[in-house]
Every structure is written in C-alpha cells, then in structure tokens.
Amino acid sequence: MIEAEYDKEKVDWWSSIPFIAAHIGAVVGVILVGWSPWLIALAVLSYYVRMWAITAGFHRYFSHRAFKTSRAFQFFMAFLGTLSVQKGVLWWAAHHRDHHRHSDHEPDIHSPIMRDVLWAHMGWILCRKFNATKYDKIKDFTKFPELVWLNRFHLVPPLVMGALIWWLFGAAVFVWVGLVGTVALWHGTFTINSLSHLIGRRRYATKDNSRNSLVLALITLGEGWHNNHHYYPGASRQGFYWWEIDISYYSLKLLEVFGIVWDVRGVPDRVLAKGRQRLASAGDGAPSAEASLAAPAQPLDTAPQSTTAAASVEATAGG
Ligand SMILES: [Zn+2]
Ligand SMILES: [Zn+2]
C-alpha cells in the first residue's frame, strides 16, 4: 500500500509529453523562424500580461481573496490566467491554499525542503497523483459555474488562442508568444515554489523556509517577497515597504482608483513595525535567529504552522 502511494508520486512521463514537447518546440521553433526585436518584445509582453493574471488573479485573488472585484472581472482574471497553461484556476488556487497550510512540512506537496528543488519546481506538476482539483478547498468559488467550466476545460482557451495566433499572425508569432513566452512563464511562476523557499533573505520568523528576493520579485511581478507573504498571506501586497518592488500591487491600486477592484487589503501596522524591528536588528531580513530554519535540504521540525498564515488562509478560504 505504501509502495503504491509512493509510485503515484513520480513524474508520469506519458502525460508529461506535451510539457516536454513545448520546450523542444520552443527551441526548434526559434531555430526555424528566427528572431527579431519585435518578436522578443511580443514574447516578453505575453509573459508579463499572463504573469499578472497568475499573481494578481490566481494567487492574490483566488487563493487568498486579498481584494474584491465584480463577477465579470473575476472571470476575466481567471480566463487570462488560464492562457498561461497552468491547469485550472480552481486547481491552482486550491493547491496553493494547501501550500500555506503545510508549507515546508508534510504534506506540502511542493516543498524543496521536504523533497528536492526540481520536484518543487515542476516534478509535482508532472505527477498524476496531484491532477485532481481539490474542490472542497475552494468552495467559495465553486458556486460560479463559469469558473467550474473554465477549470474543467482549462486547455480549451489556450489551444483556441494558439490556433488563432498562428492563423492571424503566422508561425513566428506563435513560436515566440505561444511556445517561448509560455515556457518562460511556467518557469518564472515555478521559481516561487522552488527558489523562493531557498534563495534570498528572511525577515520574518515563519515556520517555513520562505525567502525575500528582489530578482524573483522582478520576474514574477512582486511574488518574490515570499517570506513577507508567508508571514501575512492575506495582504494584497507582498512587497511590504516602498523599496520592495511589487508591480502587481501597484496595478491593483490603480484598478482600485477606477473602481474595478475594491477592499484591497493592506498590511497591518503591527506587521510592518515588526518587520522594521527586524531590519534594525539584523539588516535586511538576514537570517539570524532563524538560522536553523534556513538550512536547505533539511526537513524542518514539525512545529505547528504559523497561526498568522493558517488563520489568514482559513479566513480567506471561508469567506
Ligand atoms: Zn511558499
Ligand atoms: Zn500564497
């Protein structure tokens, strides 16, 4: 029985063929169609537009409910995020809620501490065992039939969009936007599950190994301030201070001005003050008291989860 369970936690190579083929297609495609500054600019644009839908939409809205919006804009964010080919919006958000409940402890399914960095980065996604959507963890959104449909048929929008791009703009645009942009977007997103728990500085003594990194924040529009986020996941911002660049948060504040989103949740003063104390005593979140937590590839102790994180996830999941 145990062996059977373990067998299910391996990369399933047959169902991973499209994932591998996209990588090969991106490289071979670029060799065949060549490149130009315009094609690269289009790929970068498609990367960041969809990254925005993942960070502001899939993560901060659907996983954490860090702001409110209309049903129409909710669907827009879900649709745009679905074009990133990262499975369904409800699948994504439900798994992410579990990550906060168990981060870097059993049964966190993509911890680079409990397993290895490649598994945390993409191995778990290519594992058949985790294909199902945990609808019971995302009940607050299953009442919207359009989201359930989008979650179930998540491959339809990207396939139709890919075909349209090829038909309207040709193979070169398809290769750069549909293959290069999408593959880069996968790995940009995956860094938050892998590298954000290994690289960077720790400001807050969370029960996991989450880190703050400017580089990861720039490639993910603000998600790299992952230690901040694990300490206070209910906020719509992950860069807590003015120097922590968080483009997704700035975009939400702009959308708030136009009334497209509202109740954009901030960070309580006590959390900011605690972070400032850490800055004063230990530099920019440099590991000190949490040195034991910082050692990579070591299973952490199984102390209870941060009540702040757990309470916030529960609060958002229930609301
Ligand atoms: Zn994390
Ligand atoms: Zn989160």
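Select helix α3 (residues 37–63) and helix α5 (residues 89–102): they pack at an angle of about 60°, with axes 9 Å apart. Helices are DSSP runs of H or I, at least four residues, numbered from the N terminus. Axes are lines fitted to C-alpha atoms over the stretch in contact, and angles run from 0 to 180 degrees between N-to-C directions.

Residues are numbered from 1 along each chain as its sequence is written, with chains lettered from A and ligands numbered from 1 in the order written.

Now show F58, H59, F62 and S63 of α3 with V89, W92, A93, H96 and R97 of α5; these make the contact (C-beta atoms, placed from the backbone, within 7 Å).

Move to helix α9 (residues 156–169). Its 14 residues reach 20 Å from first C-alpha to last. G170 follows α9, with a positive phi near 100°.

α9 and α10 pack at about 145°, with axes 7 Å apart. G162, I165, W166 and F169 of α9 meet A171, V173, F174, V177 and G178 of α10.

Last, colour by pLDDT, the predictor's confidence in each residue, from 0 to 100. The protein chain averages 87. Residues 283–319 stay under 50. Where pLDDT is low, the predicted coordinates should not be read in detail.

Technical notes. This is a predicted model: local features need pLDDT of at least 70, side-chain atom pairs count only at pLDDT 80 or more; totals for chains, interfaces and linings use all residues. Helices (H or I, at least four residues) and strands (E, at least two) are DSSP runs, numbered from the N terminus. Two residues are in contact if their C-beta atoms, placed from the backbone, lie within 7 Å. The expected span of a helix is 1.5 Å times one less than its number of residues.
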